[in-house]
Amino acid sequence: MPRLVRICALAAPALMLVYGLLRVVDGLDGDRHNGPAWDVGHVAFFVAIVLFAVLAVALRALDRPAAPASRILVEAATVAVLFGAGCFLWVITGDLSEDFRSAAPLPDPLELIGPALFQIGLLILLIRLVLARRLPVWSPVLVLVGFAAIGLDLDLLPLGAALVLAALLPLALSRDARLTTGQHRPVGS
């Protein structure tokens with residue numbers, strides 16, 4: 001499991017960065033949605049979202065609070081990430097296939113709620129690691145700034161992805177025994 005955390009914490013934002021860079025390349029001719037950079041970028045983004053969902057489940061497994069309210073928070077945050085990831089994957093699939101988008105468009109409210117739940121859930125899981133002294137305080141702050149940049153303007157996607165990558169590097173590079181054994185200081189239960 002901890003190896004999975006390290007892999008996902010590195011690969012998910014790196015693939016999101018690939019998507020952001022390919023999105024820029026795709027738009028160089030003034031037209032998006034029309035070529036291999038678009039398709040490869042979206043496949044990278046699809047895999048990134050899957051890996052973020054796997055990361056959330058792996059972080060949930062590392063955080064086993066004793067207090068019922070804290071357990072509920074961890075479970076709700078994980079469900080939020082998974083639900084949001086599902087919405088992202090639905091939209092990405094529609095971007096890759098007009099037939100899919102026409103046959104099964106994601107309802108407009110879910111296009112707003114899904115990404116918000118994804119981001120909030122992931123931030124909660126990361127903040128809990130900060131509270132357990134297993135992640136630096138600046139990590140969720142950088143994730144928040146990265147998400148905000150992307151939300152502000154999709155052209156800032158490479159910058160936002162780079163910030164999320166930098167934020168998750170402590171998880172990706174960690175050899176912390178508490179990450180490998182799942183033992184840690186209980187988070188304010």
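Predicted model: local features only at pLDDT ≥ 70, side-chain atom pairs only at ≥ 80, totals over all residues.

Pocket. α1, α2, α3, α5 and α6 each give at least two residues to its lining. The lining counts 26 residues, and F45, F88, P115, I150 and L154 are the ones nearest the centre of the pocket. I sorted the lining by class and got 17 nonpolar, five charged and four polar residues. The space in this pocket comes to about 640 Å³.

Fold. I then read the secondary structure and found eight helices and zero strands in the protein chain. The pattern along the sequence is accordingly written α-α-α-α-α-α-α-α.

Overall size. I fitted a box to the C-alpha atoms along the principal axes, and its sides are roughly 50 × 30 × 25 Å. The radius of gyration is 17 Å, which agrees with a compact globule, because one of 189 residues would have a value near 16 Å.

Burial and contacts. I find 44% of the 189 residues buried. Of the contacts with a separation of 6 or more, 72% join residues 24 or more positions apart.

Core. I looked up the largest nonpolar core, which has 42 residues; M16, I49, F52, L59, L168 and L171 touch the most other members. Two or more of its residues come from each of α1 (2–27), α2 (36–62), α3 (68–96), α5 (108–131), α6 (138–152) and α7 (157–173). α2 gives the largest share, 11 residues.

L168. Which residues is L168 in contact with, leaving aside neighbours within four places in sequence? I list A9, P13, F52, L55, L126, S139 and V143.

Conventions
Residues numbered from 1 in each chain as written. Heavy atoms only, no water. Core = buried A, V, L, I, M, F, W, Y, C linked by side-chain atoms within 4.5 Å. Buried < 20%, exposed > 50% of the residue type's maximum accessible area, 1.4 Å probe, protein only. Helix = DSSP H or I, 4+ residues; strand = E, 2+ residues; numbered from the N terminus. Contact = heavy atoms within 4.5 Å. 1 Å grid on protein atoms, 1.4 Å probe; cavity = no way out; pocket = protein on both sides within 12 Å on 5 of 7 lines; lining within 4 Å. Points joined across faces, edges and corners; volume = space filled by probe spheres on them. Nonpolar A, V, L, I, M, F, W, Y, C, P; charged D, E, K, R; others polar. Rg over C-alpha atoms; globule rule 2.2 N^0.38 Å.
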